[in-house]
Amino acid sequence: MSKKAEVINLERSEEETSTKKSLQLDSGRQVLVHTDEKEEILEIVERGGEVVMALQLADEGPIVSVQGARLELKSTKTITLEGKKVKIKAQEEASIESEGKLKIESSKNMDLTSEDDIRVIGKMIHLN
């Protein structure tokens, strides 16, 4: 998502079907809004032109893109990730921790692969 945003502050003319508006923030960042017949896009752009957040509203549904050094989701109740496909990819390390029960289920094949050792540690290990 490292694309540069074009900052243009135009009002829609009668023959045009798209609009681009910008709001300069005190920090030097900008909020850009692009609209046309098919979609509306809201972007937050860093001083150097890098888009760090985009919200695209299109006929097929909203698309949210966020890019940053650190992203956090916190909830006092529940966080749900749901989709036809969910992919988590880490370049260095991935960790899942639970202070309570942890359950992993699959209604089809489940593969566990490692190029190194696999350790299973527990008070009692039940297989099958």
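**Entry 1**

I started with Asn-128, which lies in the segment after strand 5. Phi of Asn-128 is near 65°, positive although the residue is not a glycine. I noted beside it that most residues other than glycine have a negative phi.

Housekeeping before I go on: this is a predicted model, local features need pLDDT of at least 70, side-chain atom pairs count only at pLDDT 80 or more, and totals for chains, interfaces and linings use all residues. Residues are numbered from 1 along each chain as its sequence is written, and side-chain values use heavy atoms, with hydrogens and water left out.

**Entry 2: the whole chain**

How many helices and strands does the protein chain have? I got zero helices and five strands, so to speak a β-β-β-β-β pattern when read along the sequence.

I then looked at burial, where buried means under 20% relative accessible area, exposed over 50%, and partly exposed in between (1.4 Å probe, protein chains only). Of the 128 residues of the protein chain, 12% count as buried. The protein chain exposes about 12,600 Å², and carbon and sulfur atoms supply 48% of that. These areas come from the Shrake-Rupley method with a 1.4 Å probe, and for residues only the protein chains shown count as cover.

For contacts I used heavy atoms within 4.5 Å. Among the contacts between residues at least 6 apart in sequence, 18% join residues at least 24 apart.

**Entry 3: strand pairing**

Two strands pair if DSSP finds at least two bridges between them. I went through the pairs in sequence order.

- Strand 2 and strand 3 are antiparallel, with six bridges. A hairpin of three residues joins strand 2 to strand 3, and Thr-35 stands opposite Glu-40 in strand 3.
- Strand 3 and strand 4 also run antiparallel, joined by seven bridges. Leu-42 has Leu-55 in strand 4 as its bridge partner. Five residues sit between the two strands in this hairpin, and Gly-49 in the turn has a positive phi of about 100°.
- Strand 4 and strand 5 pair antiparallel over six bridges. Their hairpin runs through two residues, and Ala-58 is bridged to Gly-61 in strand 5.

**Entry 4: His-34**

Is His-34 buried or exposed? I found His-34 in strand 2, and His-34 counts as buried because its relative accessible area is 17%. Its side chain makes a polar contact with the side chain of Glu-43 at 3.0 Å. A polar contact here is a pair of N or O atoms within 3.5 Å; within protein, one must be able to donate a hydrogen and the other to accept it, and residues adjacent in sequence count only if both atoms are side-chain atoms.

**Entry 5: salt bridges**

My rule was a side-chain nitrogen of Lys or Arg within 4 Å of a carboxyl oxygen of Asp or Glu. By that rule I count five salt bridges.

Which parts of the chain does the Arg-29 and Glu-46 pair link? Their side chains meet in a salt bridge at 3.2 Å, N to O. The pair links distant parts of the chain, 17 residues apart: Arg-29 is in the loop between strand 1 (19-24) and strand 2 (30-35), and Glu-46 is in the loop between strand 3 (39-45) and strand 4 (51-58). Arg-29 is partly exposed at 27% relative accessible area, and Glu-46 is partly exposed at 22%.

Lys-74 and Glu-72 form a salt bridge at 3.7 Å, N to O. Lys-74 is exposed at 74% relative accessibility, whereas Glu-72 is partly exposed at 46%.

Arg-119 has a salt bridge with Asp-117, the closest N and O atoms being 3.7 Å apart. Arg-119 is exposed at 65%, and Asp-117 is exposed at 53%. Salt bridges that share partners also join Arg-70, Glu-72 and Lys-74 into one network.

**Entry 6: a nonpolar patch**

Last, I checked the surface for patches, which are made of residues with over 30% relative accessible area and no salt bridge; like charges are joined within 9 Å, nonpolar side chains (Val, Leu, Ile, Met, Phe, Trp, Tyr) within 5 Å. Leu-73, Ile-79, Leu-81, Val-86 and Ile-88 make a nonpolar surface patch of about 580 Å². Leu-73 is found in the segment after strand 5 (61-66), and Leu-73 is exposed, with a relative accessible area of 67%.

Methods: Helix = DSSP H or I, 4+ residues; strand = E, 2+ residues; numbered from the N terminus.
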